[in-house]
Amino acid sequence: VASTRGGRFGIYALLANHPESFFPLVADSFNNIDASYSPDRTRIVFSSDRLGAGNYDIFVADADGHDPVRITSEPAMDIQPVWAPDGNRVVFVSARGGVRQLYVMRADGGEVRQLTALTGGAEGPAPSPDGTAVAFTGYPLGPTGQSDIYKVPLDGGVPTALTSTRDRSESRPAY
């Protein structure tokens, strides 16, 4: 979980049988958010502003939070990283084109590819268990407008709207 119990946002682990105990993984003098364990539970990926100016980049660390390595270095905010089921790729949200969109990259930060280009942007990636697609919240009309659930092939392709309800908003898909 992300918590401000240390003054700034930090990443903590909780045990199911002791939810009142927060164990710090990445809790330091920077904001650290959006943590996700790798499928084999040996690493975490997270967003942090540790390099200044409130700009979030993506880091990979050991599962206990040690040895963080920065894997993005864009001037735009990179947030909401999640592992693909193969453990070799990370899907994330970036505003590098001006509007938040989904991107995928190797877990070492290489081979970054944009997955979406919706007018209003995209967020909340949720890779399918078989690793073929990513469900997400998309904003077809603008970043503050109505939202729908979409999916896009993880290897790239055209996003498909799974919902199309102009009179309401849907968000936060999960498999």
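This is a predicted model: local features need pLDDT of at least 70, side-chain atom pairs count only at pLDDT 80 or more; totals for chains, interfaces and linings use all residues.
## Ground rules

Local features here need pLDDT of at least 70, side-chain atom pairs count only at pLDDT 80 or more, and totals for chains, interfaces and linings use all residues. Residues are numbered from 1 along each chain as its sequence is written, and side-chain values use heavy atoms, with hydrogens and water left out.

## Strands at the start of the chain

Strands are DSSP runs of E with at least two residues, numbered from the N terminus, and two of them pair if DSSP finds at least two bridges between them. Strand β1 (residues 2-3) runs antiparallel to strand β2 (residues 10-15), with two bridges joining them. Ala2 sits opposite Ile11 in β2. The hairpin of β1 and β2 has six residues between the strands, and Gly7 there takes a positive phi near 105°.

Next up, β2 pairs antiparallel with strand β3 (residues 18-26) through five bridges.

## A four-stranded open sheet

Four strands make an open sheet in the order β4-β5-β6-β7, with antiparallel pairing. Its edges are β4 (32-37) and β7 (69-70), each pairing on one side only. Four bridges hold β4 against strand β5 (residues 43-48) in the antiparallel sense, and Ser36 stands opposite Val45 in β5.

## Salt bridges

The whole structure has ten salt bridges, each being a side-chain nitrogen of Lys or Arg within 4 Å of a carboxyl oxygen of Asp or Glu. One of them joins Asp57 to Arg70, with the closest N and O atoms 3.2 Å apart. Asp57 lies in strand β6 (residues 57-62) and Arg70 in strand β7, so the pair ties together parts 13 residues apart in sequence. Asp57 is buried at 3% relative accessibility, while Arg70 is partly exposed at 37%. (Buried means under 20% relative accessible area, exposed over 50%, partly exposed in between, using a 1.4 Å probe and protein chains only.)

Arg96 pairs with Asp78, the closest N and O atoms being 3.0 Å apart. Asp78 is buried at 0%, and Arg96 is partly exposed at 25%. Glu74, Asp78 and Arg96 are linked in a salt-bridge network.

## Arg172

Arg172 belongs to the segment after β15 (160-161) and is exposed, at 74% relative accessible area. Leaving aside residues up to four places away in sequence, Arg172 touches Thr137 and Ile149, where contact means heavy atoms within 4.5 Å. The C-alpha atoms of Arg172 and Thr137 are separated by 6.2 Å, although the two residues are 35 apart along the chain.
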